[in-house]
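My entries follow in the order I made them.

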Amino acid sequence: MARVSERTIGYGYILLAATCWGLLGPVARWALEAGVEPLEVAFWRAVIGGVCFVGHAVWLRTRRGAVGVKRRHWPVMAAFGLLGVSLFYSAYQFAVEAGGAALASVLLYTAPAWVAAIGVAWLGERLTALKAMAVALTLLGVAGIALGGTGAVRITWGALAWGLASGLSYALYYPFGKHYFDDYAPATVFACALPVGALGLAPLVAFAPKDAATWGALVFIGLVSTYGAYLAYGAGLRRLEASRASIVATLEPVVAALVAFWWWDERFGPWGYVGAVLVVAAAFLAAAAPEEKP
């Protein structure tokens, strides 16, 4: 039997991560339909994922001698927890509630355009032709999506604003990762950031009564779409170049759109589909751009 190459295994891990992330929005709608507010969904995602990562980080430190977070880095970790977890997780859930899972997932992938803007504004990177094209396609894609939806896709200013906010806050992972993911294991970083993010959300949450099915949806989001997705993506990155991994991960909105159509009858109008394709194409272009040293 032919041996499976490391690259093939890496693609498999990235596809698994994209699938786990793609299920996040459709599964979150189960909780939202059951009366759980978006902020509470975001809170339990951070809590459940955080518990998993804390256990993982403790195991890494005791069994493999992983480095703990230095005291001088704690303020930055706390800021990342508030922006990359509290804001990102809540904005995405508000986008799902306002416009549906398919729309939220597509707008999340405006992140590469935000990354390009952040790189030019703060990291000293050049605005190359590929990056400029990615930004232009993203803007055109969002405009196409804004022209209208059908079925359970609801195009409103609120849905667009929350979706774009989730893309912007998700883009913050890029400059943060540039500085800290080389120094610390991802499990160590998320073991700090997720609990801080949960604490940032806690005062804003109105806890609703939940049945077993709703708890199942919340546990799935924290365990599979957060902890499992990050682990699978990390395993894929160890076997693939970052640009290739990013391109494969753009299958996430495709998975989300298919599942949302199957479960919730979420359908875009013709211009909405054109816009969605342009956003995904922009993510491909941004991932294909060669990396630069600031």
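**Entry 1: Gln93**

I looked up Gln93 and found it buried, with a relative accessible area of 0%. Buried means under 20% relative accessible area, exposed over 50%, and partly exposed in between, with a 1.4 Å probe and protein chains only. Gln93 sits in helix α4. Helices (H or I, at least four residues) and strands (E, at least two) are DSSP runs numbered from the N terminus. I then listed the contacts of Gln93, setting aside neighbours within four places in sequence: Leu24, Ala28, Leu32, Pro38, Val41 and Ala42. Contact means heavy atoms within 4.5 Å.

I noted the ground rules here. This is a predicted model, where local features need pLDDT of at least 70, side-chain atom pairs count only at pLDDT 80 or more, and totals for chains, interfaces and linings use all residues. Residues are numbered from 1 along each chain as its sequence is written, and side-chain values use heavy atoms, with hydrogens and water left out.

**Entry 2: the whole chain**

I counted 14 helices and 2 strands in the protein. Of its 294 residues, 51% count as buried. I also checked contacts between residues at least 6 apart in sequence: 90% of them join residues at least 24 apart.

**Entry 3: helix α7**

Leu137 lies in helix α7, residues 129-146. Is Leu137 buried or exposed? Leu137 counts as buried because its relative accessibility is 19%. Leaving aside neighbours within four places in sequence, I found Leu137 in contact with Leu278, Ala281, Ala282 and Leu285. I also took a C-alpha distance: Leu137 and Val279 are 142 residues apart along the chain and separated by 6.4 Å.

Ala143 is in helix α7 too. At 40% relative accessibility, Ala143 counts as partly exposed. Its C-alpha atom is 8.7 Å from that of Gly272, 129 residues away along the chain.

**Entry 4: two loop residues**

I went to the loop between α2 (24-33) and α3 for Glu37. Glu37 is partly exposed, with a relative accessible area of 42%. Not counting residues up to four places away in sequence, Glu37 touches Leu32 and Glu97. Glu37 and Ala208 are 171 residues apart in sequence, yet 7.7 Å apart in space, C-alpha to C-alpha.

His73 is in the loop between α3 (38-64) and α4. I found His73 buried, at a relative accessible area of 13%. Its contacts, leaving aside neighbours within four places in sequence, are Tyr180 and Tyr184.

**Entry 5: rings**

How many aromatic pairs does the structure hold? I get 13. Rings of Phe, Tyr and Trp (its six-membered ring) pair if their centres lie within 6.5 Å; planes under 30 degrees apart count as stacked, over 60 as edge-to-face and the rest as tilted. I picked out Trp21 and Tyr233, a tilted pair at 5.4 Å centre to centre with 55 degrees between the planes. This pair links distant parts of the chain: Trp21 is in helix α1 (residues 6-22) and Tyr233 in helix α11 (residues 212-237), 212 residues apart. Both Trp21 and Tyr233 are buried. One aromatic cluster takes in Trp21, Phe53, Phe190, Tyr227, Tyr230 and Tyr233.

I also looked for charges over rings. Arg45 lies over the face of Tyr89, at 3.8 Å from the ring centre. The test needs NZ of Lys or CZ of Arg within 6 Å of the ring centre and within 35 degrees of the ring normal.

**Entry 6: cavity**

I searched the whole structure and found 1 cavity of 30 Å³ or more. On a 1 Å grid over the protein atoms alone, a cavity is a set of points where a 1.4 Å probe fits but cannot get out, and a pocket is an open set with protein on both sides within 12 Å along at least five of seven lines; lining residues have an atom within 4 Å of a point. The largest cavity has a volume of about 80 Å³. Which residues line the largest cavity? I listed Trp21, Leu24, Arg45, Phe88, Tyr92, Leu108, Tyr170, Tyr230 and Glu252.

Methods. Points joined across faces, edges and corners; volume = space filled by probe spheres on them.
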